[in-house]
Structures are given as structure tokens and as C-alpha cells.
Amino acid sequence: MINADFIVDVGISHYLILSAILFSLGMIGVLLRKNAIVMLMSIELMLNAVNLSFITFSKYNSHIDGQIMVFFVMTIAAAEAAVGLALIVSIFKRYKEVNIRFFEHLKG
Amino acid sequence: MTADAFLFWFLALITIGGASLVILMKNPIYSALALVFTMCGIAALFVTLDAFFVAGVQIIVYAGAVMVLFVMVLMLFDLKHEVEAFSKGRITGAIKLATAGLLAGLVMGAIFYSSTAVDTVITKQLAAASGDPSKQLGMRLFTQHIFAFEALGILLLVVAVGAVALARSKGGTHHDQR
Amino acid sequence: MDHTAIVSVLFASPLLGFLINGIRRNHHSANVAGAIGSLAVFISFVCSILLWIDLQGMAPDARRIHVVYGSWMAIESLKIDFGFWIDQLSSLMILIITGVGFLIHLFSVGYMSHDKGVAKYFSYLNFFIFNMLVLVLGDSLVTLFVGWEGVGLASYLLIGFWFTDGEKAAAGMKAFIVNRIGDAAFLIGMFIFFVSFGTLNIQELNSMAPTIMESTWFGIVTLGTLFLFGGATGKSAQIPLYIWLPDAMAGPTPVSALIHAATMVTAGVYMIVRLNPLFIAAPNTMMVIAVIGALTVVLAASIGIAQNDIKKVLAYSTVSQLGYMFLACGVGAFTTAFFHLMTHAFFKALMFLGSGSVIHGMEGEQDIRKMGGLKKYLPWTHLTFMMGWLAIIGTPGFSGFFSKDEILWMSFHSPRGHWALWVLGVIGATMTAFYMTRLMCLTFWGKSRVAKTLHPHESPATMLIPLFVLAALSVVGGYVGIPHIISEILPGHPANILEHWFQPIIKTVPGLVAGDPAMEWGLMGASVALALISTILAYQLYVKNPSAIERFTQKINPIYQLVSKKYLVDELYFGFIVNPIVRLSENLWAYIDVRFIDKCTYWAGDLMKGSGSFVRSLQNGNLQTYAMYIGIGLVVALSLVMMR
């Protein structure tokens, strides 16, 4: 599968695979990191991975709406980062720590 | 190896490496810096995909504003002394890694499967878009998607107010525990 | 006034009385509660009279008032309304219920004045009256059954009114359970009729009753009526379900008078009279009814001879008199059955109230061996009680004479009758005269055996007035149904009003011809003479020569013991029915319930608890674990999509 063609002939698959890898890395960060701020960063990473696939499809379908979608996603991501960080500030004020285990009040 | 291919592999290396550093660095500041690298790499990838306006926004909004916000919060808290970067639990950790790996594998499998099935139907058929893509983007954004755009504006306003309110509060709603 | 309004008031008044007394039972004084209860029934009584007057104004063939408050249930062909049907029969019945009921309420004011739960007592009584009205007026068997169950409940509550006494509470339960057996039969009868006729409306059933006789034992009408009669044996205390009624005397005496003598126990008779066209079409059922009735007459009367509790004697007398009513139904003399129901309601209520007055005067003593000579202390009670006595033993001219004699004549003369039934009836009448005279002798006449410490006293006016009214009714109540042969020799030839009144709704047995007057006179003379001899004998034995009776009972001691122990019927039932069922239930409990069903339920509970604690461990509050679940779900969903 990985041959000279694959390396030389860069196409839609390459971008999508890259996007999948970035998404998974972001997911690992969300799942494994203790620091809530790093978790937020990982979420941003996942969003960027999705953006990349949007742009890829936009290009290879010659349709501009993919870029508009990315635009919206970025805006939402910025908003989410703002709210998430405000929450973290709030938690930090209380516990002097931003460990994710302080969110365990939902325990059943 | 053409210049295009070289550029792609180079940027792929930068983004994957940056992303790995984001999740591996114990110090959140380093994580943030690695994330800036990744963002910039992705912006460059956008350029290779002819999405110039979005690439610019990516640099300005993400690598600029959002990351500055992150770094500012980190600086504010002075959190560099972190001993344990990863949450506890070996078995769950393994399951989590396996989940993420499986997901990536599945997606890649899907991509390979479909690319061989559909083959190169859409590969490289870069229809010459009429006119400047940024202009096209603006036209569509402010005509067809104007409602969504305005709604986003209101959302941002609400988020701004909410973030200020949250950050000003004295830490959570459980006042009695303090 | 509008009929609907009158009927509404008729029902609402006792219901309101029940609610008021029931809700405010701890806030009322005895007199207020008694006034409310009595007034409620009095209003109903007035309504009954109004309805009766309205019926009088109608043409004889169209004497009916049908009030429908709306549909109760309509399931395919089953349509049951909140409908009430007032005609010749039910109007008279509600007159008896509310009239006698009012008198007994009035009596209770005095009788219960020393009790703590007076308001509760009156609320139960009003509840009973309400349900009895539903029973009598309901236009379908289902509505009737609602009242039927309601009076059963009221009866249970009132028998066990002094429920702190375990024996009395047990008597209430016994009444309830025995009645339940009858009710099951009643339900089956209803099912049979619904399946075969498609309706439960009483008028429709009556109009659908086949005109041809059903000669088989397993015909629809025969089976259905037999099961309905099974229900009647429970409610009206006939063989084999009569055993609850004597025990029901544990309740307050006015309750015995109202429920267990005058009204509720006659519900079975009323039901049969109500459905007379159906019963006429089933000669086999009627034969069974007549035989059971006649046997009950003799059996209960013979037990009554050997009882020493004043109320027990009256209770067995009631069973015996109810047997007469069923005998009358069984030979097709439905009018006569109702006639006896009415006269019996008067004189038996009177006697129960009289015994209540005696018990009240004796401060709770019920054993007639410890009475005697009470005539001196309770003159008015004695006088009124004597009227009841004269009526029940069939003294010519008194109400009981007319009705009982008519029953005896019909049992002989009717095409459904038989000379053996007449013989049983006369034996019963003779025994009745004997045990009633014995009761009079031991209670009121002869030497006083009252304990020295006890000072019997006459009852207050509220208790005596009902006695007077009922005594008057016991004397003159019979003149509404004078038999033809007697009216022929009387001046003016008074007609048989009751028969005339019922003529449009009560069918006669086919093949009934005019009887031979000489024969009728002869049979009447024979029964009166036998009753007279037995009365004199009893008087001789119990007043003049008390030692003779002791020697006599000594001589036939085994038989005497057997009779006084009620032929051991209760023990028989316990040995052959109750105890085996109890043992079976115990085994079912120990093996099936504890070892199997309980295990199963525990196992199911443990399963739920175990799975619950497992699922709870999944929800550990950790955000990242939740995210992991999402990821796993995503992977599974994607793999499913990929595999297709």
C-alpha cells in the first residue's frame, strides 16, 4: 500500500488520514490528561483536525461551503475556549488547582 | 518528489509532531507552545488546499487570540509544577489508548477502502473556481448564510458576557464548602 | 316535583348522613349524630311516600318511574346505566326499608346513647340504607349487585361494630366470608344470563324470559336461576349458608333488627320476586327453592327451641321465617312471599327491638335463663313484644297469620306445591309457636330468675315509640293481603289489596286453579290448632311446670345436646371445608410461596440490585471515563457501519 506513488502523489486520502491522526491524538489528550487546560487544548486540536477535513472536502468537491463551515466552527471553538477557560478560572479560584478530578460531583 | 508532495509531508510531520507534544508535555506551557506549532502547520495546510482566507483566520484567531488566552490563563495560575500529567488507572488508560487507536484505524480503513473503491474520480479535478475564492466566500457568507452569521454574533456576545460572569464568581456554586 | 329530583334526594339523604357522621365522628355528641342519622332516613322515607303516591296516580299497567343518571359502562353489547327502576314492587320495598329503618334509627338513639362510637354507628346505618336503596331500585343486575355488596359491607361493619371483642370481630368476618360464597354464585348466575340473553337489565331479562317451561336441569334459565338462588342463600341465610346469621347477633341489637331481620336478609327474596318470570320458566329451580326453604323452616325452628340467648332464638326464628318466604317463592306464590317479607319485617323488627329493650333494661344480659317475670318491670316492652309473639305464631287476625297461612295453603295447592312441603311448613309453624312461647315464658312470665343485684328498668320514650308503631303495624299489617276465603265471610268483602297492586308485574304459575274452600278452611284450621296446642304445651311446660321440662331434657339428653349445639353444622363445615382449605393454604404457603415464589422474587430483586450496583460503578463522575464511553460507542457504531 505504501509505495512510491503514495508518497509522491499527494491526494485527498493523505489529508483525510492526517486529519484522522490529529483527531485521535486530540482524543487521547482529552481522555488521558489530568490538567483541564490541556484537555481544552486537546479539544481545540480535535476541532482543527475536523476543520482540515472540511477544507479538504471543500477543495476536492470544489464547493466553497466547506470553508464557511470551518469559519463557523472556528467561531464556536473560540467561544467554547472562552467559556471553558472561564470555568477553569472559577475552579482554580476554589481549589487552587485545575485537576479534572474536581469535576467528579456527578458520581452515581 | 514534487514540491507539493514535499510540502505536504513536511507539514504533516510538523502537525503530528506538534500534536504529540501537546499531549505528552508535562508542562502545560510547553503544550500550549506545541499547539501553536500545530495550528500554524494546519494553517499552512489550508494554504496548500487553496483556502487562503481561512488560513489567515486560523492564524489570527487560533494561533493568535485563542492561544494567547490559554497562555494568559496558564501564566495567571502558575501551573508549571505538575507531577502527574496523566490521569490514573492503567487498565482504563490502555482502553482509552486502544479506543483512540481503533478510531483512527477505522477512519483510515474507511478512507483507503473508499479511495480504492471510488478511485480517483475526484482526485485532482480542480475546477477553476470563477474568481477569487475569498470573494466567493464573502459573497456566500453574507447572502446565503447571513442568518447563521448573525446568530453567531449574538452567541459570541452571550459567551463574552457569560465568561466574564463566570470568571468573576467566587468559585463555583457550592459556597458552603469553603 | 320531578321524579329525578325526588329519587336524587332519596339517595343523597342517607349518603350525606353517612358522610357527615363519618367525617365528623369525633366531633359529634351522641344526640347530634343520632338526629342527623334519623333525619336522613326520615327524608328518604318522605321521598318514598311521595314516589308511592305518584305511582298511585298512574294507570295500573304503567306504574313505573325510570330514572337514569347516565351511562356507567358501555362495552360492546354490555350497557349498564346508573339507572333506577321504581315500580309496584320496589316502591313498597323502599317504604319498608326507610320506614322500618327510620324507626330503628330512632330506637338506636336511646339504645346506643351510652356507646362511644355513636356517630360511627349512625354513619354505618345510613350507609346501609343507601346501599339497600341501590339494591332495591337498581334497574340492572349489576346495579343490584353493587347494592348487594354494599349492604354486605355495612353488615360486616355493624356486626363487628364492637370489634375490640375478638369473638364479635370474628362473627363479622364469618358473615362476610359466607356471603362471599353466595356472591360468587350470584356472579356466575349473572354471567350465565349475560352470555345467553346479552343483557343484564332486569326488565329486559323479564321480558325475554321464555314462556315455555324449561324441563332440563342444565338449561340456561335453570342454571342461571339456580346460581342466583345460590347467591340468595348466602344473603338470605338459607341452607347451606345460613350459619352466619346467628353469629351476626354479635352486633348491636337495632342492627340485628334492621339488617338481619327486616331488610338485608330479605334481599334474596326480593331478588327472586323481582325476577319472577325467569324463575317461573325454570320449574326445577323452583322445586329446589321450595325444598330448601321448607327444610330451612324446620331445621332453624328446631334449633331455635334449644337456644338460651334471646337474640339467638330470634335469629333462628328469622332464618326459619325466611325459609317460609323461599318456600312461597318456590311454589310460585311471589306475592305471598313479598307479603310475608313485609309482615315479617314488622313483627321481627318489633321483636328484635323488644329484645333490645330487654337487654337494655337488663344492662346487657342476654341469657333468657337469667330472666323471667320481666312483665312487672318492663310493662310496655312486654305488651309490644306480645303483639309480635301473637303475630309470629299465627294468631288469627294478626299479620303473621294471613301471610303464613297463605304460604301454607299455596304450598299445598299450587301446581308447583306438594303435600310434603305443607307438612314441613306446618311442623315449622308448630315449632315456631313452641319456641316463641318458650321465649315469652322464660323472659316475661313465670318466676323471676333475675340476679338480685340487677334492677331491670323500662326503656326511654325514644325506644318505646318505635315499639308502639311496629306493634301497631304487626297487628294491622296483614290486612292488606287478606286471603279470598276470609274476605268472603267478612263484612264488605275487603279485597286483597296487595295482590291487586302486584297483579301487573307478578306472573302466576301456569296451571293455578281456584282451590276448594273447604279444603283451605280445613288446612288452615289444622295449622292453627297445631300451633295452639303447641303454645299451650309450651306455656304449661315453662310456666306452670318448669321441672317437667328439665326431666324431659334429661331423658333425651343426647338429642337435646345435638339440637342446642345447632346440629354441629358449624363443626361439620369446619371439619370438611374450612380446615382442609386452611391446611392446603398452609402447605401452599410453606412450599409454594416461601420456597418458590419468595425465592423467585428475592432472586429478581438481587439481580436488579447487582446489576444496579454494576451500572452505578460505570457512572463514577469522572469526565474522562464518560468521554471514553462515547469513544467506545463511536468505535462500535463505526465498526458496525464498516461491516455492512
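In the predicted complex, 77 residues of chain B are in contact with 64 residues of chain A, two residues being in contact if their C-beta atoms, placed from the backbone, lie within 7 Å. On the side of chain B that touches chain A, at least two residues each come from helix H1 (3-24), helix H2 (28-48), helix H3 (52-77), helix H4 (90-118), helix H5 (133-143) and helix H6 (146-168) of chain B. The most is given by H4(B), with 12 residues. Sorted by class, this side of chain B holds 53 nonpolar, 16 polar and eight charged residues. In this classification, Ala, Val, Leu, Ile, Met, Phe, Trp, Tyr, Cys and Pro count as nonpolar, Asp, Glu, Lys and Arg as charged, and the others, Gly among them, as polar.

The structure is a predicted model, in which local features need pLDDT of at least 70 and side-chain atom pairs count only at pLDDT 80 or more, whereas totals for chains, interfaces and linings use all residues. Residues are numbered from 1 along each chain as its sequence is written, and chains are lettered from A and ligands numbered from 1 in the order in which they are written. The predictor assigns the complex an ipTM of 0.87 and a pTM of 0.68. For chain C, the average pLDDT (the predictor's confidence in each residue, from 0 to 100) is 89, and 100% of the residues score at least 70.

Chain B contains six helices and zero strands, where helices (H or I, at least four residues) and strands (E, at least two) are DSSP runs numbered from the N terminus. Its pattern along the sequence is α-α-α-α-α-α. Of its 178 residues, 21% count as buried, that is, with 20 or more other C-beta atoms within 10 Å of their own; a residue is exposed if 12 or fewer lie within that distance, and partly exposed in between, with C-beta atoms placed from the backbone. Among the contacts in chain B with a separation of 6 or more, 48% are between residues 24 or more positions apart.

Chain A has four helices and zero strands, in the order α-α-α-α. Buried residues account for 56% of its 108 residues. Of the contacts in chain A with a separation of 6 or more, 47% link residues 24 or more positions apart.

Chain C comprises 26 helices and two strands. Of its 644 residues, 51% are buried. For contacts in chain C between residues at least 6 apart in sequence, 80% join residues at least 24 apart.

The two strands of chain C, E1 (residues 64-75) and E2 (residues 78-87), run antiparallel and are joined by nine bridges; strands pair if DSSP finds at least two bridges between them. C:His66 stands opposite C:Trp85 in E2(C). The hairpin of E1(C) and E2(C) has two residues between the strands, and C:Glu76 takes a positive phi near 50°.

Two packed helices are described by the angle between their axes and the distance between the axes. Helix H17 (residues 399-413) and helix H18 (residues 419-443) of chain C have axes that come within 7 Å and cross at roughly 155°. Axes are lines fitted to C-alpha atoms, for helices over the stretch in contact, and angles run from 0 to 180 degrees between N-to-C directions. H17(C) is therefore roughly antiparallel to H18(C), given that angles over 145 degrees count as roughly antiparallel, under 35 as roughly parallel, 65 to 115 as roughly perpendicular and the rest as oblique. H17(C) contributes C:Lys404, C:Ile407, C:Leu408, C:Ser411 and C:Phe412 to the contact, and H18(C) contributes C:Trp419, C:Leu421, C:Trp422, C:Gly425, C:Val426 and C:Ala429. These residues comprise eight nonpolar, two polar and one charged.
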